[in-house]
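Thanks for coming, everyone. Let me put the structure up, and then we will walk through it piece by piece.

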Amino acid sequence: MAAPNAYAGPSNRLASTQPAPNYPINLDGFGAPLPAVANTVSDLTIFATGQLNFKEIDQVPQLGPLFNGTTCTGCHSQPATGGGGLFINEIRVRNNSDPGPVHIFAVDNMLRNGPQSQGATPIFAAGISAEPLGCQITVPGCQLSACQQEEASRTTFNTSLPTCDPTSADFKGGGNCVVGRAAIPLFGDGLVEAVSDQTLIQLAQSEPRSVRGVPKMVTENFLSTAHVGRFGWKDDHAFLRGFSGDAYLNEMGISNPDNPLDTSSCATGVTQFGVTLEDAGIEDAIDPNGEADIDRFSDFMRALAPPPTIPQNASASRGATLFGNLGCAGCHAPSLTTASNPASFILPSTVAYRSARRLIKPSQRRPSTHTATSSCTAWARWATESLQARPIQP
């Protein structure tokens, strides 16, 4: 296994040419950090670095071979970095035997028209790469590439499938169909992660019987114990680390320490205009500090403050009372309280850092000044300083 380079991770490329950012894009409003983070330069630097990586646009050969976007902000940018999607940006097929998104783009039709020049000056030596990134699988008449043909066969997607309508006879009879999904905001998700499993289980048990839910228990692929799921399309993840790794692989096609196998080998060994289309091995590698991009994404999301609120006027106060009287709070809890010590149930180091440690002899092990361990410790402080024993309110 090759040693990771100093700037491992495709979304951390800017670190090799720019000093570490001290300040994020904004310090208040949507997308701002938690107050405890904003008040500490070292913590703010961690947040800003994660935000920079979250915004970075990834490229081949790390990107793909199948993907829906080239950057995390492609799905999470409205009304600020870390928010939701501006439009429906993911397609699911009802009768897909391999559940997951239909990947709209593929690297083997991303570059177009061959080398371009202006006069004698080369301007696009590897062909044109611009939006839209090649022919989209969802567009009727698209001449599908080899990777897209494989994707259509695997997911059973075709452009003639109707939109899912639960009221139709065809749907009730099991007919195949497609549905679009827009990404939801990540604001305050670090505080949701800081709520204990037991709090969420008790919440479900206290709901009115007519709407009582059952907590979904999930086991992350880097853990051996189950926890309450709370992130992802179907609450498939209990921790933001798991959510980051899943999205990096399944939305952008970038393999990572927690998900080392790519979604397809359709572009392995393929080149276009002299460009290698697909990287080999783990594309989001671990750097010497023990971090990968998915760690930096997690740092950023954990420190995102909840959406800002405004004082309620008389009408809003009456609405809140009516909301409670009608029983809406049976499904929509008005508040949640974070655990007093979130680090007690979240690993003190990421799997990437543990993996890196296994490659180092015991005598060589030493603490790092900017490891996933230190980031997690900082995050635990952020959560406890910002909302310890206080409710998370909408």
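One term before we start: a residue is buried when its relative accessible area is under 20%, exposed when it is over 50%, and partly exposed in between, using a 1.4 Å probe and protein chains only. Now the ground rules. This is a predicted model, so local features need pLDDT of at least 70 and side-chain atom pairs count only at pLDDT 80 or more, while totals for chains, interfaces and linings use all residues. Residues are numbered from 1 along each chain as its sequence is written, and side-chain values use heavy atoms, with hydrogens and water left out.

Salt bridges come up next. By that I mean a side-chain nitrogen of Lys or Arg within 4 Å of a carboxyl oxygen of Asp or Glu. Searching the whole structure turns up eleven of them. Take Arg154 and Asp98, whose closest N and O atoms are 2.9 Å apart. Arg154 sits in helix 3 (residues 146–155) and Asp98 in the loop between strand 2 and strand 3 (105–106), so this pair ties together parts 56 residues apart in sequence. Helices and strands here are DSSP runs, numbered from the N terminus: helices are H or I with at least four residues, strands are E with at least two. How accessible are these two partners? Arg154 is partly exposed, with a relative accessible area of 23%. Asp98 is partly exposed too, at 36%.

Now look at Arg296. It forms a salt bridge with Asp293, with the closest N and O atoms 3.0 Å apart. Both residues lie in helix 8, three residues apart, or about one turn of the helix. Arg296 also meets Glu291 in a salt bridge, at 3.9 Å from N to O. Which residues make up the network here? Asp287, Glu291, Asp293 and Arg296 are linked by salt bridges. Three of these names have accessibility values to quote. Arg296 is buried at 4%. Glu291 is buried at 1%. Asp293 is buried at 0%.

Another arginine: Arg241, in helix 7 (residues 240–250). Arg241 counts as buried, at 4% relative accessibility. Its side chain makes a polar contact of 2.3 Å with that of Asp295. A polar contact is a pair of N or O atoms within 3.5 Å; within protein, one must be able to donate a hydrogen and the other to accept it, and residues adjacent in sequence count only if both atoms are side-chain atoms.

On to the rings. Rings of Phe, Tyr and Trp (its six-membered ring) pair if their centres lie within 6.5 Å; planes under 30 degrees apart are stacked, over 60 edge-to-face, and the rest tilted. How many aromatic pairs does the whole structure hold? Six. One of them is Phe30 with Phe187, a tilted pair at 5.7 Å centre to centre and 50 degrees between the planes. Phe30 lies in the segment before helix 1 (35–38) and Phe187 in the loop between strand 6 and helix 5 (189–193), so the pair ties together parts 157 residues apart in sequence. Phe30 is partly exposed at 38%, whereas Phe187 is buried at 10%.

Phe54 and Phe297 make an edge-to-face pair, 6.2 Å centre to centre with 85 degrees between the planes. Phe54 is in helix 2 (residues 41–55) and Phe297 in helix 8 (residues 293–302), 243 residues apart. Both are buried. Ring pairs also join Phe47, Phe54, Tyr248, Phe297 and Phe300 into a cluster.

That brings us to the core. A nonpolar core is a set of buried Ala, Val, Leu, Ile, Met, Phe, Trp, Tyr and Cys residues joined through side-chain atoms within 4.5 Å. The largest one has 40 residues, and among those touching the most other members are Phe47, Phe54 and Phe297. Helix 2, strand 1 (66–67), strand 3, helix 7 and helix 8 each give two or more residues to this core. Which element gives the largest share? Helix 8, with four residues.

Last stop, strand 2 (residues 90–93). Strand 2 runs antiparallel to strand 6 (residues 178–181), joined by four bridges; strands pair if DSSP finds at least two bridges between them. Ile91 stands opposite Gly180 in strand 6.
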